[in-house]
Amino acid sequence: MSIVQQVLEGNRYALSRVLTQIENDTTEGREALAALFPYTGKAHLIGVTGAPGTGKSSLVNRLAYFYRHPPEGEPKTVAIVAVDPSSPFTGGAILGDRIRMRDLTGDRGVFIRSMASRGALGGLARATAGVVQALDAAGFEVIFIETVGAGQAEVDIARLAHTTLVVEAPGLGDDVQAIKAGILEIADILVVNKADRPGAISTERALIEMLKLAHPSREMVSHHGQMMKVEIPAGGENDSEEWVPPVIKTVATENKGIDELAAAIAKHREFLQKTGEWEARDRLRLSTEVEDLLGETLLRRWQKNMPERKYREVLEQVFARRLAPAEAVESLLSSAQGS
Amino acid sequence: MSERRIRVLIAKPGLDGHDRGAKVVARALRDAGMEVIYTGLRQTPEMIAEAALQEDVDVVGLSILSGAHMALVPRVIELLRQNGQDHVKVFVGGIIPDEDVPALKEMGVLEVYGPGTLTSDIVADIRKAVLGEDDQSG
Ligand SMILES: Nc1nc2c(ncn2[C@@H]2O[C@H](COP(=O)(O)OP(=O)(O)O)[C@@H](O)[C@H]2O)c(=O)[nH]1
Ligand SMILES: [Mg+2]
């Protein structure tokens, strides 16, 4: 039986080995991804981002446990992909997210995989999307993706996930400063974790204020030429079918607020499906993937046909300020075509 | 464009309470360019084998100070085999009496490291075991 067949039949070690091949970008990995691709597109992909130490892993642990032991309905199978940074100097990494996920051990309905970022910026590894696809094809119904959380707005996760949680915590420096520009744009749900800590209320308030600043149109709408104020309930729907990110307080270590958070996630999923956003996000994600791959492949092919000597010559002209970078590219492209 | 990295699980089975040694080794392996999955204190052999399987590691390093190595180590090795991970190399570090070392190696442990071991030796041993490489550089 092929390894892909084994993955589809639920063989966990086969899955694990395929993930390694995908991560290492081997021929086997690419072939496996291609074979698994028709089985993807079913899982709910939930991104979890936020600065290190805010409690992302602890929250994922609790949420996953909640899905495995729901107060009502059937349990869902859960996969977790946790990305930690690689050292830029040695390429090595310490992947420690499993420390916080002990409650999930011994449950065959859960699969946890740690990934090093391997030089990629933006909070994910290059192979994360592929790893998520394989887990999706293997039948996991909910897939959490925990990002590096290195501080900059990690927009890649918003592109990959259906639902993005941005986790904040009080006491990590100036609360408003810590909330990076761009982070609000990617948040579908804002979580104030460590709500047991002093300052949680002001962090929550700061987030709500920033939401209002980021989306003034959500408060003031033009109605027959007159500006009028409308109240839009957070996490709720409204006429314009706009999603307003709710702000939810949690204490991951004490399992508090997890049911509210799970309810908000369920609501967001419903919203996506009702409005057609689910489809739209899927299409956006896949078209970005095709575009990125196309770019990489074209570059690689072009480099193969480009004589190294010619390339160096043009670069030297740029170093000497005789050619601007854009002119250099023009020159390289036209000479490659001629050859 | 393919890239292979040695993946190591550093685990701390048993009930003894500190993991300083395990962390020093984890950092040294990272600094040698390896990807180290660190799982924290008080892991059962079942938890260790499960993590090794999901993470598809090349190496499992067990740090044991409790004196329970003669029970824990064979159990971990047995579970790895049951899962089809016979090829995974197992190392043990901690306080292990000399007289137990041959028995541990008999069970399949590649090397046993006592206090004062140079981390560079551990790095070199792992590279050699996984890549068949004798080079100690880096
Ligand atoms: N007081 C408090 N500590 C928490 C809470 N959630 C997580 N922590 C602690 O915060 C630290 C970082 O948590 P972790 O989940 O690893 O954060 P991550 O780096 O964002 O994944 C750990 O020591 C957790 O035990 C919480 O709600 N309250
Ligand atoms: Mg984490």
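Q: What percentage of the 339 residues in chain A is made up by buried residues?

A: A residue is called buried when its relative accessible area is under 20%, exposed when it is over 50%, and partly exposed in between, with a 1.4 Å probe and only the protein chains counted. By that reading, buried residues make up 46% of the 339 residues in chain A. This is a predicted model, in which local features need pLDDT of at least 70 and side-chain atom pairs count only at pLDDT 80 or more, whereas totals for chains, interfaces and linings use all residues. Residues are numbered from 1 along each chain as its sequence is written, chains are lettered from A and ligands numbered from 1 in the order in which they are written, and side-chain values use heavy atoms, with hydrogens and water left out.

Q: How many helices and strands does chain A have, and how much of helix α5 of chain A is buried?

A: Helices (H or I, at least four residues) and strands (E, at least two) are DSSP runs, numbered from the N terminus. Chain A has 13 helices and 10 strands. In helix α5 (residues 128-137) of chain A, nine of the 10 residues are buried, including Thr128(A), Gln133(A) and Asp136(A) as well as Val131(A), Val132(A) and Leu135(A). An α-helix has 3.6 residues a turn, so residues three or four places apart point the same way. After α5(A) comes Gly139(A), with a positive phi near 105°.

Q: Which residues does Thr164(A) contact, leaving aside its neighbours within four places in sequence?

A: A contact means heavy atoms within 4.5 Å. Thr164(A) belongs to strand β6 (residues 163-168) of chain A and is buried, at 0% relative accessibility. With the sequence neighbours left aside, Thr164(A) is in contact with Gly47(A), Thr49(A), Ile157(A), Ala158(A), Ile186(A), Ala187(A), Asp188(A) and Ile189(A). For chain A as a whole, among contacts between residues at least 6 apart in sequence, 71% join residues at least 24 apart.

Q: Which residues come nearest to ligand 1, and which polar atoms lie beside its oxygen and nitrogen atoms?

A: A residue is near a molecule or strand if one of its heavy atoms lies within 4 Å of it. There are 17 residues around ligand 1, of which Gly53(A), Lys56(A), Ser58(A), Asp196(A) and Ala252(A) come nearest. The largest share of this shell, three residues, comes from helix α4 (residues 56-68) of chain A. A polar contact is a pair of N or O atoms within 3.5 Å; within protein, one must be able to donate a hydrogen and the other to accept it, and residues adjacent in sequence count only if both atoms are side-chain atoms. An oxygen atom of ligand 1 lies 3.4 Å from a polar backbone atom of Thr54(A), and an oxygen atom of the ligand is 3.0 Å from a polar backbone atom of Gly55(A). A nitrogen atom of ligand 1 is 3.2 Å from an N or O atom in the side chain of Thr253(A). Of the 590 Å² of accessible area that ligand 1 has on its own, the protein covers 79%, where areas come from the Shrake-Rupley method with a 1.4 Å probe and, for residues, only the protein chains shown count as cover.

Q: Where in chain A is Lys256(A) found, and what does its side chain join?

A: Lys256(A) is in the loop between β10 (247-249) and α10 (258-275) of chain A, and its relative accessibility of 47% makes it partly exposed. The side chains of Lys256(A) and Glu254(A) are joined by a polar contact of 2.9 Å. Beyond four places in sequence, Lys256(A) touches Lys249(A), Thr250(A) and Val251(A).

Q: Is Gln54(B) buried or exposed, and which residues does Gln54(B) touch?

A: Gln54(B), in helix α2 (residues 45-55) of chain B, is buried, with a relative accessible area of 1%. Not counting residues up to four places away in sequence, Gln54(B) touches Arg12(A), Ser16(A), Arg98(A), Val110(A), Phe111(A), Ile112(A) and Arg113(A). A polar atom of the Gln54(B) side chain lies 3.1 Å from the backbone nitrogen of Ile112(A).

Q: Where in chain B are Arg42(B) and Asp56(B) found?

A: Arg42(B) is in the loop between β2 (35-38) and α2 of chain B, and Asp56(B) is in the loop between α2 and β3 (59-64). Although not a glycine, Arg42(B) has a positive phi of about 50°; Asp56(B), also not a glycine, has a positive phi of about 45°. Arg42(B) is partly exposed, with a relative accessible area of 41%, whereas Asp56(B) is buried, at 10%.
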